[in-house]
Amino acid sequence: MIYKFGENDIFYNRIETHPKFNFFIHKGKVYYNNKAAISGAFTSTVGCVPTGFVNLYEENVDRNAAQTGLIYPFITKESGLSSFKTVSTSQFNSDFSYGDTITSSYPLSASLSREFYTIGEDRPHITALKTSFDYYQSWSRHYAYSSSFGNKSTQKINLINIPSILFGSYIEKGTLDLKMFYSGTLIAELKDTKKNGELIQVGPSGSTGSGSIAGVVLYNEGFISLTGSWTIKNDLVDYTDDPTDPQYTSWLYFGWGLNDGLNQPAISTSGSLYSYTIDYKGTTKVPVMTMLAHAPRGELNHSNNPTFIDKSSTNLNVYYSSSYSFGEATTKIKNTTSASYSDPEPPFKKTTYITKIGIYDENKNLIAIANIAEPVKKTEDRDFTFKLKLDF
């Protein structure tokens, strides 16, 4: 039987969640939430992406190009001129004829990345963030693109990019924690303790730079800007792929090897002993539709399930008339009422068990099924309301 939802049976709300994220960086390897590479039946990594990356659409999981082939998106060039963003206008016009198939590739992946800018170096991504930096000046003067604290268009900057898929709507204030280790020992730590975007060195206690502000975080945009240049450890390391110009360890080189394309040190050098962690909480807002499905008293107490019939008591009644006769089988519904004794038979109660609830659109097309954890006993004198939730 199909029932129509009433005006008070459907309502919408939004759930806000704050998932935790952890990234560990060492010698150019990135590990996401302490997950190592998981080998599959056809590939060395089930997700078809390196460690520290996420597969955006979970495509080509445990698939090998040579053995199983890879799925891929495609578009046929037509008068609508639809194409992929990776195909330039000139390529679209010159390389493809109408009717040709334009392909792209899966999986698409995302991870944290790092960019280091030296003094006077061209920095397009920093320039693109100028408006955002200046917008948050009301939170802290350290956000200013140009101020007495430095000019972000010319000074040395360590920029860490966090894709939105790895934090959601924004990074939750007060949760960002950056740690630097040497040979497994914590040598420096930054936190946004004031929840105003300032990254303050909070440890180890008494260390060089404790209490100083080493940079700022753009919560909504997913960028960490580090400018703290004080020496954390008197250890010269080739952080910039220039052996003639080694640098002392500072926050400018935090995250060295975080998908920045720089060469990593040999195991025999002190540079191989540095490691880094980035911890934070994201914010994900999930729209939820709640539906109340009612099972009224006196209804939904018949079933077409064969077990609903007592097959041992079937008989045939024959009806006559002056010109013809016909027969119709009558059956007895199985009495499932519980009793302390098997004889005499307990009073009959028409009983069904609700196991699933179907959701239909306005054209009565089944669009969803809600499975109930345990069958719900329904008798004629009982009514129920089931609360169904659907996340979008």
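1. pLDDT is the predictor's confidence in each residue, on a scale from 0 to 100. This is a predicted model. The protein averages a pLDDT of 88, and 93% of the residues score at least 70. Confidence is lowest in strand β21 (residues 309-320), with a mean of 59. Strand β17 (residues 223-226) has the highest, at 98.

2. The largest pocket holds about 1300 Å³ of space. Its lining counts 33 residues, and Met1, Leu300, Lys356, Ile357 and Gly358 lie nearest the centre. Two or more lining residues come from each of β20 (274-295) and β23 (351-360). β23 gives the most, with ten residues.

3. Ile2, Tyr360, Leu366 and Ile369 make up a nonpolar surface patch, with about 390 Å² of accessible area together. Ile2 sits in the segment before β1 (10-17). Ile2 counts as exposed because its relative accessible area, 51%, is over 50%.

4. The whole structure has five salt bridges. One of them pairs Asp260 with Arg114, the closest N and O atoms being 2.8 Å apart. This pair links distant parts of the chain, 146 residues apart: Asp260 is in the loop between β19 (247-249) and β20, Arg114 in strand β8 (residues 113-117). Both Asp260 and Arg114 are buried.

5. Lys130 bridges to Asp134, with the closest N and O atoms 3.3 Å apart. Both lie in helix α3 (residues 130-135), four residues apart, about one turn of the helix. Lys130 is partly exposed at 38% relative accessibility, and Asp134 is partly exposed at 24%.

6. Glu198 and Lys194 form a salt bridge, the closest N and O atoms being 3.8 Å apart. Glu198 is buried, at 7% relative accessible area, whereas Lys194 is exposed, at 54%.

Notes
Residues numbered from 1 in each chain as written. Predicted model: local features only at pLDDT ≥ 70, side-chain atom pairs only at ≥ 80, totals over all residues. Heavy atoms only, no water. Patch = residues over 30% accessible without salt bridge, like charges linked within 9 Å, V, L, I, M, F, W, Y side chains within 5 Å. Areas by Shrake-Rupley, 256 points an atom, 1.4 Å probe, with all protein chains shown as cover. Salt bridge = Lys/Arg side-chain N within 4 Å of Asp/Glu carboxyl O. Buried < 20%, exposed > 50% of the residue type's maximum accessible area, 1.4 Å probe, protein only. 1 Å grid on protein atoms, 1.4 Å probe; cavity = no way out; pocket = protein on both sides within 12 Å on 5 of 7 lines; lining within 4 Å. Points joined across faces, edges and corners; volume = space filled by probe spheres on them.
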